Amino acid sequence: MPVERVDPELVEFDVRTDEMLINMGPQHPSTHGVLRLVLRTDGEVVSSAAPHIGYLHRCAEKIGENVSPRQWIPYTDRMDYLAGMNMNLGWAMTVEKLMDLEVSEKTRHLRVIVCELNRIASHLVAAGTYGLDLGSFTPFLYCFREREKILNLFEAVCGARLTYSYIAPGGLIADLPPGWLEACERCLGELQAVVPELHAMLTSNEIFIRRTAGVGVLSPEMAIDYGCSGPVLRGSGVKWDLRRDGQPPVARMYEDYRFEVIAQVDGSYPRDQEYPPVPPEAVVGDCWHRFYVRMLEVVQSIGLVRQAIEHYRRSAGPVSEPIKITQKLPRGEAYLETEAPKGQMGFLVVGDGTAIPWRVRARSSCFCNLSVLTEISRGCLLADIPAILGSLDIVLGEIDR
Amino acid sequence: MINWHTCFFLLFATITCAFAVAVVVSANVVRMAVCLIASLAAVSGLYFLAAADFVAAMQLMIYVGGTLVLLVFGVMLTARGPFVSMKITPANWLMAGLAGGALLILLLCAATSVDAWKTAAVAASAPAAEGGHTVAPIGMALLGIRVDALEQANPALRGGIAGYLLPFEIVSVHLLVVLVGAAHLARARRRRRPAEAVPDASRSA
Amino acid sequence: MIAEYLTTRFGLPEWLACGGVALVQCLILLGIMMFAAALFTWMERKVAGRIQDRLGPTRVGGRFGWLQSVADGVKLLAKEDLIPGEADGLLFRLAPYVSFCAAFCVYLALPFSNGWVAQHLNVGVFFIVAIAGLEVFGVILGGYSSASKWSLYGAMREAAQVVSYEVPLGLCVVIPVMVAGTLDLVAIGNMQRGWGVNWLVFHNPFLFITFFIYALCTLASTNRAPFDLAEAESELVAGFLTEYSGFRWSVFFMAEYGSMYAMSGLGAILFLGGWHGPIPLAEMLGLSYANHAVLGWLGDLLGAGNFLCKAFLGVAAMMWLRWTLPRLRIDQVMTTCLKYCVPLAAAMFVGTMLWTYALPGGLLPRSTPLGAVAEAPPWTAPRAARGERP
Amino acid sequence: MPLLNQPVSLSHYLLVGAILFACGIVCMATKRNAIGVLMGVELVLNGAAVNFVAFSAPFLRGDAELALGLDGHLMTLFVIVLAAAEAAVALAIALCYYNTHATIDVDQGDELRG
């Protein structure tokens, strides 16, 4: 449907102020890392925001073409460093797809446990820093306190708190230590109690709603056009989640799990739990909805971890061993996208019969999500830029790779 | 016996005059504004000394706190590189200096021409301390009632004392008109706001 | 008068006695302000910590981290004092002191108890509001002279915000003044003696609402969250403070805390009974000048404690809000002011006016009629004009 | 210090007012920045206001019964208020001028010159 477009660079002005070019970043408190935004502003109104990336580029893909898949695992950790488990999983499953490997049931459920826990941790960071972006410091610490508990669990599993390298092609580097599941359940219980607190401090806070509702509206069409995924896509009301809709290896991983894909469809969110109401000011696809989707996904993930613990307890046998470093890759290529906390994380691996992949490529969800920033931040106020950027929840390690 | 009134008068008068001269001399418009603030704030000190406490507070509140902030705002809105300091020719300086100097001499002559003005009635510190209960009389005067009329010793002047209700009302209406007019004047350009267009486009696209 | 006493008893020259007394008074006030700033720096951390489920400072200076502010001060003094190359050096250096002086001058006219005021001003209320409004100059100058775009943004926001909020703030201040019938803070405070129902905030329902508008405007005019747009960390890096470091930064900081305390104090006098507690303890115990000068002095001391506590609670409430709420956007800040605060304050003004016309005595039964003049301590007699700092 | 022992009289205040006034006039004449000119106007107005306040103080002069009294204060108040109004309008004009001419230099605004 054709829409009459006005020149977005033209803004109403009361006083002739010079258009000011402002560098927001790469050292700025709310660019979530080393993103540099070049803002063209007229007073408080931003007429365009252009992201400049590459400050965290570490040649991860090129390195991947010089080491074996097993050795590249630590590099995937450093992509979305807030969700290392999910990055590990994406790479591991891609390599498994290339090599046509199957992992044991126990491994599958254990992977679900750690990945969903990491999704919760990542969403907690997103929620906390979003509060920070809007000037509210306290939720940040609430979120990080809960995240610490999850990191403690991960530390017990793999010895690392940020860069896990836990999931490897073919399996997992270790099984769970004794007593871990009980600790995990305790953690989930505490987490469940914190979610309403966060809803009270942010989701249903009047100022928060006014700062986010109707700001940075991303239409579903635009979201799909730009290749957005994850909560950004679902916040625009598109019910698409690779855990349900993905390629067979991904969907099969979650096949005996019950969970809702969180997205507002036909004006309502899934009603499997008690959630705070959607404020009337909120428009589908705005910052509020993107934030809300993340918060709701935390609850879903808590449920998923609970189910996975049950499945894990029921499944017998050992967890699968990862492949050897010297394991030769078959000729051919495999591409697989998994549902990482920030969106669809895709890996491509092309094998040429040696242990070293011939080509490695990572498709970053944050890269696509960030690319809508220019579009949805036109004509917003300066204070909306952190609000929009925070709601996109980017991690520069993944964008720049 | 030190006359504190004199001390503080000298202090405030020096600040006032020095910064007033600095306003003239300074080429940078931002510094001019700063000097003007200092000068006018010191003027309010002079008002306090002259037992005009309500006027002094008003000077601080409206003039320094309101008008000058507005002025600084205007300075900052228009302070682009080339306009921060603009030079004029020495000939202009000379002309202005001559005119200003002549006026100054004229005013100084006038100020010192009356003998009664050169002698303070009493040791000036006492009334300054006692005086300054001007709030209520000023308020009443603005309502048209002159409570101080009875204190006027000179019966010839007593008849001339009138309330200020009409000027007060005129000034208040005038202020309203001015504010509306200023707001209208400053909003010179209107263009369509893209914020209205873009969300619509994205929603209906 | 202490100065006279010193001259007659010890034969000091008058200028020395007067100057000395003035200096000591200034130092006492400066001490109060500094102490308040130090205390609030520590308290801010503690409050933030408690609200965020942590302990806050615990190590420096014993169990509760009492000396944290001192440690902060030492750290700030030891930091490098940077002035950006492009900055207007003179204004950049000057700006923090402008803010600080404005914040400090408020204390000159702020009574801490019955007659305990450095300069008893007839127009104390207006003087304080006017001087508090001058603090914005320091911010504007600092922001402008930093030659940083973020600083400029902060300065512009501050200018717009403070000038706008001075309107409802002025209205809110005028309403209790209208009920009290004087601009003299000591007189306004003394009118509210007796039980807590005599406080002006309980005088009528309009004044009760006015108090909350006043609190809101105070937040905005002292630049506290959720109105801290001038230094909005996540948007403007640090706003007008971006280029400041070390000592100059700490001067801005002290000015902020100083004016927070002063504005809370003004609110306490205008609405919350000033130095009169909810229970007239001083009267019950017979602490008045009618009995003995020392008893009267003790009563005033009790009053000063009351006053400091009330102002302290006001600051605590500001901190509570700061650590709870997200920040508003600039257009919302202006909307709050122009669309809500100003009309509401104006309505309260009219309401109070009608109320006092219809019910001069107020809503609640009073222990002493409003307007009863309290006995003044002997040293509140008008003092020789020492001149007031602008 | 004999200077500090003398009482201040009306003439001293008028002197300050005269200096303010003259500074304002020179400022108006020499500044090319429209806002600079505006500052000159403010100085002039304050010079006049100082005179009003000084004339109204009875204790500053020998002929105390001729003091303006409250009228001087009220005139000063009107000066202050009108100065605020004047500043608002002048600033609006300056900004309008700036919008249309992209400069704040008053010498550039000479389209109406015959």
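Visitor: Which residues in H4(A) meet which residues in H15(A)?
Guide: A:Thr129, A:Tyr130 and A:Asp133 in H4(A) meet A:Pro386, A:Ala387, A:Gly390 and A:Ser391 in H15(A). Contact is when C-beta atoms, placed from the backbone, lie within 7 Å. Helices (H or I, at least four residues) and strands (E, at least two) are DSSP runs, numbered from the N terminus.

Visitor: Where do the names and numbers come from, and what kind of model is this?
Guide: Residues are numbered from 1 along each chain as its sequence is written, with chains lettered from A and ligands numbered from 1 in the order in which they are written. This is a predicted model, where local features need pLDDT of at least 70, side-chain atom pairs count only at pLDDT 80 or more, and totals for chains, interfaces and linings use all residues.

Visitor: Back to those helices: at what angle do H4(A) and H15(A) pack?
Guide: About 180°, with the axes 9 Å apart. Axes are lines fitted to C-alpha atoms, for helices over the stretch in contact, and angles run from 0 to 180 degrees between N-to-C directions. So H4(A) is roughly antiparallel to H15(A), a label for angles over 145 degrees.

Visitor: New topic. What's the strand order in the open sheet of chain A?
Guide: S6-S7-S8, three strands with antiparallel pairing. Two strands pair if DSSP finds at least two bridges between them. S6 (332-340) and S8 (359-363) of chain A are the edge strands, each pairing on one side only.

Visitor: How many bridges join S7 to S8(A)?
Guide: Five, for S7 (residues 343-351) of chain A. A:Phe347 stands opposite A:Ala362 in S8(A).

Visitor: Which helix packs on that sheet?
Guide: Helix H3 (residues 84-99) of chain A, touching S6 and S7 of chain A. Its direction makes about 150° with that of S6(A).

Visitor: And how many residues of chain D are in contact with chain B?
Guide: 73 residues of chain D, against 85 residues of chain B. H4(D) gives the largest share of chain D's side, 23 residues.

Visitor: What does B:Leu46 touch?
Guide: Leaving out residues up to four places away in sequence, B:Leu46 touches B:Phe12, B:Ala13, B:Thr16, D:Tyr13, D:Val16 and D:Val50.

Note on methods. Two residues are in contact if their C-beta atoms, placed from the backbone, lie within 7 Å. Angles under 35 degrees count as roughly parallel, over 145 as roughly antiparallel, 65 to 115 as roughly perpendicular and the rest as oblique.
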